[in-house]
Amino acid sequence: MKLRYGSWRYAVPATVGLAFIGMMSGSVEFFVAAIVPALFLLFSAISRDPDTDDLELEREISDEAPSPGQHVEVTLRATNNGRTTMTDLRLVDGVPEGLKVAGGSPRASLAVTPGSTSEFSYRVVARRGSYVFDDVKAEFRGGGPSAVGFEKEASGDLKIQCRKELQEVVLRDE
């Protein structure tokens with residue numbers, strides 16, 4: 001699901017308001033001041049957001065069957081398969097509820113040029129049970145005011161299965 005939202009919502013009223021005041025008062029300064037928000041609007045109109053399908057995510061888990069209490073490193077790689085640079089790509093990995101992040105952060109802000117890969121890592125503490133990672137929440141902010149928020153599934157490792165195996169059962173003679 002894509003969610004689009006903008007952060008320059010005041011540029012249109014500012015441009016119109018300053019131009020209107022300049023027209024009513026006959027002041028050139030207000031017309032010149034109206035150029036600034038108008039340029040932001042023009043820049044946002046010509047900037048192109050990359051396609052979300054161009055983003056490929058891969059998760060790697062250092063140990064998918066750890067012992068309870070063991071630290072497990074999780075690495076998330078983002079590859080840009082498109083032709084547009086992702087200048088401000090924000091990712092939040094879907095850490096399962098019940099796993100505690102022990103080092104690093106499951107959040108990152110990356111810049112990924114076409115054909116390249118960026119990555120970040122963090123550590124979680126394994127707890128007894130089975131844990132499946134959720135989709136990665138992503139947000140792209142391009143050169144303009146708009147941002148595109150979406151969720152994307154990461155390929156690769158998706159699950160941590162943590163259980164303590166019994167090594168040997170000692171039976172007493174009676």
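What follows is a talk through the core, the salt bridges and the surface patches of this predicted model.

Biologist: Start inside. How many residues has the largest nonpolar core, and which have the most contacts inside it?
Modeller: The largest nonpolar core has 29 residues, and L91 and V124 are those with the most contacts inside it.

Biologist: Which elements each supply at least two residues of this core?
Modeller: They are β2 (55-61), β3 (71-80), β4 (86-94), β6 (107-112), β7 (117-125), β9, β10 (146-152) and β12 (159-162).

Biologist: And where does the largest share come from?
Modeller: From β3, with four residues.

Biologist: Charges next. How many salt bridges does the structure hold?
Modeller: Five. One of them joins the side chains of D93 and R59, at 2.7 Å from N to O.

Biologist: Where do D93 and R59 lie?
Modeller: D93 is in strand β4 and R59 in strand β2, so this pair ties together parts that are 34 residues apart in sequence.

Biologist: Buried or exposed, D93 and R59?
Modeller: Both D93 and R59 are buried.

Biologist: What does R90 form a salt bridge with?
Modeller: R90 forms one with D88, where the closest N and O atoms are 2.9 Å apart. The side chain of R90 also meets that of E139 in a salt bridge, at 3.8 Å from N to O.

Biologist: Which parts does the pair of E139 and R90 tie together?
Modeller: E139 lies in strand β9 and R90 in strand β4, so the pair links parts that are 49 residues apart in sequence.

Biologist: Why does D88 count as buried?
Modeller: D88 has 18% relative accessibility, and buried means under 20%. E139 is buried too, with a relative accessible area of 17%. R90, at 35% relative accessibility, counts as partly exposed.

Biologist: Which residues are linked in a network of salt bridges?
Modeller: E60, R77 and E119.

Biologist: While we're at β4, what about T87, buried or partly exposed?
Modeller: T87, which is found in strand β4, is partly exposed, with a relative accessible area of 48%. The C-alpha atoms of T87 and S109 are separated by 9.3 Å, and these two residues are 22 apart along the chain.

Biologist: Which element gives the largest share of the nonpolar patch?
Modeller: α1 does, with four residues.

Biologist: And F31, where is it found?
Modeller: F31 is in helix α2.

Biologist: Last topic: which residues gather in the patch of negative charge?
Modeller: D134, D135, E151 and E153 gather there, on the surface.

Biologist: What is the place of D134?
Modeller: D134 is in strand β9, which covers residues 134-141. D134 counts as partly exposed, at 47% relative accessibility.

Terms used:
Residues are numbered from 1 along each chain as its sequence is written. This is a predicted model: local features need pLDDT of at least 70, side-chain atom pairs count only at pLDDT 80 or more; totals for chains, interfaces and linings use all residues. Side-chain values use heavy atoms; hydrogens and water are left out. Patches are made of residues with over 30% relative accessible area and no salt bridge: like charges are joined within 9 Å, nonpolar side chains (Val, Leu, Ile, Met, Phe, Trp, Tyr) within 5 Å. Accessible areas come from the Shrake-Rupley method with a 1.4 Å probe; for residues, only the protein chains shown count as cover. A salt bridge is a side-chain nitrogen of Lys or Arg within 4 Å of a carboxyl oxygen of Asp or Glu. Lys and Arg count as positive and Asp and Glu as negative; His and the chain ends are not counted. The place of a charge is taken as NZ of Lys, CZ of Arg, CG of Asp or CD of Glu. Buried means under 20% relative accessible area, exposed over 50%, partly exposed in between (1.4 Å probe, protein chains only). A nonpolar core is a set of buried Ala, Val, Leu, Ile, Met, Phe, Trp, Tyr and Cys residues joined through side-chain atoms within 4.5 Å.
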